[in-house]
Amino acid sequence: MELMGSVAESLDSAAFSQGADLNVFGWQQTLASSATCTGIGVHSGKPVTLTLRPGSANSGYVFIRTDVAAHAQLIPARWDTVTDTAMCTKITNSQGVSVSTIEHVIAALAGRGVHNAVIEVDGPEVPIMDGSSADFMELIDQASLRLQHHPVRQIKILKPVEVSVGKSWALLKPSDEPKFSMEFNANGRLANQSWSLTYDPDHDNFEDLLSAARTFGFYEDAQHLWAQGLAQGASLKNTVVIKEGQVMNEEGLRFSDEFVRHKMLDAIGDLALAGAPILGHFRGVNSGHGLNNQLLRALFADDSAWCF
Ligand SMILES: [Zn+2]
């Protein structure tokens with residue numbers, strides 16, 4: 001697979017240049033250059049370096065594990081390479097090489113309107129950074145965007161598709177605009193929160209409204225996870241921690257409804273694994289990584305539910 005942008009994509013027509021500002025022609029976008037950050041894996045607690053690079057048209061999001069043998073490095077980030085959703089979204093290639101916690105960097109790429117990118121990591125987990133997508137948005141800005149002379153194909157939802165587990169459910173239904181709605185209730189441990197967004201990459205509403213919303217967790221659950229050797233890198237630097245209904249982080253919340261905003265950020269990252277932007281309305285009630293992935297599997301199992 002050719003990953004880097006080819007010379008053929010470097011267009012110089014006047015129309016192309018004029019269209020670049022707002023991408024009025026609906027062309028695919030990738031990064032113009034590369035950008036790197038370092039952090040720790042939230043589950044391993046180990047340092048990891050991540051580099052965003054340009055990806056060729058129609059290649060989507062592809063991870064490269066630089067710490068493994070060359071023949072096994074590539075891991076396409078797609079709904080059908082997702083192998084675990086228990087604590088985060090994890091993808092695995094046919095050689096059994098995986099990368100975990102991909103959702104926040106994918107959400108940043110999708111939220112910024114980047115359709116094709118290579119994401120290099122030198123370990124099994126994307127760095128958690130501050131628990132949100134904010135640092136990845138900054139990386140994308142550092143690398144800046146480049147239009148590619150290939151039209152964006154959207155996945156149009158033709159009829160409702162729904163999945164549920166207990167009281168949690170997720171739904172995709174037809175809509176003329178890409179819409180996301182999420183409700184979050186923590187079984188009385190927190191006040192119920194709901195949120196809705198009509199996505200518009202040209203007005204950066206993902207960046208302004210969602211990208212800074214952080215991962216959150218309950219103090220009581222953290223004790224349990226740590227005892228199992230999980231969430232070794234989790235701390236107040238990268239997670240909003242709630243103890244007996246109170247936020248433990250000194251700085252408090254970034255938004256009064258930061259929890260539901262983060263659930264929506266996660267859903268945007270998970271749904272971006274569809275392989276193309278979805279033209280439809282996503283609705284979730286307490287929908288997490290597992291249901292988000294099941295929803296895509298249910299969608300693609302029914303040819304009459306969608307079209308390009
Ligand atoms: Zn998350």
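## Core contacts

Leaving aside residues up to four places away in sequence, Ile140 touches Leu31, Leu52, Ala108, Leu109, Arg112 and Val114. This is a predicted model. Ile140 is also one of the residues with the most contacts inside the largest nonpolar core, together with Ile106 and Ile268. That core has 73 residues, and helix H6 gives the most to it, with seven residues. In soluble globular proteins, nonpolar side chains tend to be buried together.

## Helix H6

Helix H6 covers residues 258–271. At 1.5 Å a residue, its 14 residues should span 20 Å, and the end C-alpha atoms are 20 Å apart, so the two values agree. H6 is mostly covered, with 14 of its 14 residues buried.

## Helix H7

Helix H7 covers residues 289–300. Its twelve residues should span 16 Å at 1.5 Å a residue; the end C-alpha atoms are 17 Å apart, which agrees.

The buried residues of H7 are His289, Leu291, Asn292, Asn293, Leu295, Leu296 and Leu299. What covers them includes two helices, H2 (103–111) and H6. Strands S6 (82–84), S12 (161–165), S13 (168–173) and S21 (306–307) are also among the covering elements.

## The sheet with S21

S11 (residues 155–157) and S21 run antiparallel and are joined by two bridges. Ile157 has Trp306 as its bridge partner in S21.

Notes
Residues numbered from 1 in each chain as written. Predicted model: local features only at pLDDT ≥ 70, side-chain atom pairs only at ≥ 80, totals over all residues. Helix = DSSP H or I, 4+ residues; strand = E, 2+ residues; numbered from the N terminus. Expected span 1.5 Å × (residues − 1). Buried ≥ 20, exposed ≤ 12 C-beta atoms within 10 Å, placed from the backbone. Contact = placed C-beta atoms within 7 Å. Pairing = 2+ DSSP bridges. Core = buried A, V, L, I, M, F, W, Y, C linked by C-beta atoms within 7 Å.
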